[in-house]
Amino acid sequence: MLHSPRHVVVDIETTGLSPRRGHRIIEIGAIVVEDGCPTEEFCSLIQIDRKIPREVQRIHGITDEMLAGQPGADEVLPQLRDFLGDGVIVAHNARFDMGFLRHEFERLSLPLRNRSVCTLQMSRRFYPHLPNHRLDTVYRHLFGGIRTDIQRHRALDDARMAARIWMEMMKP
């Protein structure tokens, strides 16, 4: 699994913590990593049929107005499926991301058979001394800081950070 030539690092932003409670994906960012290098990017906001709770908006900064006029899940997820291909999905806290992705794919009766790898779990093994294993903590540990142009809790920038962490952890 870890030696697949194509890995796709994915991050999502959502309206809450549980697809079972009706929370939805509102942004997806993905980076293809092949032979240890990022090669392609995918990013899309997703229009949904409900309001984003204010407390959630404060985390990622995505507003209802930003989603107006964006494509719906029925358009974005088939594009994402094509982008993923048969690659292994890599995510920081893959359980969360994969739970939402599976739920959204099932809503559209689309298959999602890709295997996944979790950089959060890997970081716990590789760096047990860290105070926590949040994306920004692991990133700072490995690279010294987060550039000011990186927008935290936005899908593409978080996917870029996770991809860099993944590539660093996969070095021999």
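**Helices, aromatic pairs and backbone features of the predicted model**

Just after helix 4, Ser109 adopts a positive phi of about 55°, where helices (H or I, at least four residues) and strands (E, at least two) are DSSP runs numbered from the N terminus. The structure is a predicted model, in which local features need pLDDT of at least 70 and side-chain atom pairs count only at pLDDT 80 or more, whereas totals for chains, interfaces and linings use all residues. Residues are numbered from 1 along each chain as its sequence is written, and side-chain values use heavy atoms, with hydrogens and water left out.

Helix 4 comprises 14 residues (residues 94-107), which at 1.5 Å a residue should span 20 Å, and its end C-alpha atoms are 19 Å apart, in agreement with that value; the expected span is 1.5 Å times one less than the number of residues in the helix. Its buried residues are Ala94, Asp97, Met98, Phe100, Leu101, Glu104 and Phe105. Seen down the axis of helix 4, these buried residues fall within an arc of 165°, so they line one face of the helix, the arc being that of the directions from the helix axis to the C-beta atoms. Buried here means under 20% relative accessible area, exposed means over 50%, and partly exposed lies in between (1.4 Å probe, protein chains only). The face of helix 4 turned away from its buried side carries the exposed residues Arg95 and Glu106.

The buried residues of helix 4 pack against strand 1 (6-14), strand 2 (25-34), helix 3 (73-84), strand 4 and strand 5, with contact meaning heavy atoms within 4.5 Å. Glu104, which has its place in helix 4, is buried, with a relative accessible area of 1%. When its neighbours within four places in sequence are left aside, Glu104 is in contact with Arg24, Ile25, Ala73 and Leu77.

In helix 5 (residues 119-126), the buried residues are Thr119, Leu120, Met122 and Ser123. Viewed down the axis of helix 5, they fall within an arc of 160°, so they line one face of the helix, while Gln121 and Arg125 are exposed on the other side of helix 5. The buried residues of helix 5 pack against strand 4 (88-91), strand 5 (116-118), helix 6 (135-143) and helix 7 (155-169).

A search of the whole structure finds four aromatic pairs; rings of Phe, Tyr and Trp (its six-membered ring) pair if their centres lie within 6.5 Å, and planes under 30 degrees apart count as stacked, over 60 as edge-to-face and the rest as tilted. One of these pairs is formed by Phe126 and Tyr127, which are edge-to-face at 6.0 Å centre to centre, with 80° between the planes. Phe126 is partly exposed, with a relative accessible area of 37%, whereas Tyr127 counts as buried at 11% relative accessibility.

Tyr139 and Phe143 form an aromatic pair that is tilted, with 4.9 Å from centre to centre and 55° between the planes. Both of these residues lie in helix 6, four residues apart, about one turn of the helix. An α-helix has 3.6 residues a turn, so residues three or four places apart point the same way. Tyr139 counts as buried at 3% relative accessibility, and Phe143 is partly exposed, with a relative accessible area of 23%. The charged end of Arg164 sits over the ring of Phe143, 3.8 Å from its centre, and Arg6 lies over the face of Phe83, at 6.0 Å from the ring centre; a charge sits over a ring if NZ of Lys or CZ of Arg is within 6 Å of the ring centre and within 35 degrees of the ring normal.

The structure holds zero disulfides, a disulfide being a pair of cysteine sulfur atoms within 2.5 Å. Cys37 counts as partly exposed at 42% relative accessibility, and Cys118 as buried at 11%.

Positive phi values also occur in loops. Asn93, found in the loop between strand 4 and helix 4, has a phi near 75°, a positive value in a residue other than glycine, and is partly exposed, with a relative accessible area of 32%. His153 lies in the loop between helix 6 and helix 7 and has a positive phi of about 65° although it is not a glycine; His153 is partly exposed, with a relative accessible area of 32%. Most residues other than glycine have a negative phi.
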